[in-house]
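This briefing is meant for someone meeting the structure for the first time. Please look over the sequence and the model below before reading the notes that follow.

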Amino acid sequence: MSLADDLQTHYEQQTVAKQCGTGVWFASQSERDANAFAEFLARGGAVSHLHQLAVKNGCPIAETQFRRHCRKRCSCYRLENAA
Ligand SMILES: [Zn+2]
């Protein structure tokens, strides 16, 4: 294995991962819920509060990962930027 092989494997794994758990969960929600989520963040709402409400509505994601998605630092957005 060379460095190039390792990096190739890394990119392939990223492609397979596609969305983070939070992204997958939001994709399974209604369009109305997804829009409400985006609007809440756009208005400067607290991520911790949003996470509480998401959990109440069945979101299985831990707050740390949820926060990463809200700050666009998860695999969902890395893939978008790379494209
Ligand atoms: Zn995400």
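Predicted model: local features only at pLDDT ≥ 70, side-chain atom pairs only at ≥ 80, totals over all residues.

Setting aside neighbours within four places in sequence, Gln19 is in contact with Val24, Ala27, Ser75 and Cys76.

- Gln19 sits in the loop that lies between α1, covering residues 3–17, and α2, covering residues 21–27.
- Although Gln19 and Tyr77 are 58 residues apart along the chain, their C-alpha atoms are separated by 8.3 Å.

**The chain as a whole**
- The chain contains six helices and zero strands, and its elements, read from the N terminus, follow the order α-α-α-α-α-α.
- Buried residues make up 12% of the 83 residues of the chain.
- When contacts between residues at least 6 apart in sequence are considered, 64% of them join residues that are at least 24 apart.

**Helix α3 and what follows**
- Helix α3 takes in residues 31–42, and its 12 residues reach 16 Å from the first C-alpha to the last, which is close to the 16 Å expected at 1.5 Å a residue.
- This helix, α3, is hardly covered, since the count of buried residues among its 12 residues is zero.
- Just after α3 comes Gly44, which takes a positive phi of about 85°.

Conventions:
Residues numbered from 1 in each chain as written. Helix = DSSP H or I, 4+ residues; strand = E, 2+ residues; numbered from the N terminus. Expected span 1.5 Å × (residues − 1). Buried ≥ 20, exposed ≤ 12 C-beta atoms within 10 Å, placed from the backbone. Contact = placed C-beta atoms within 7 Å.
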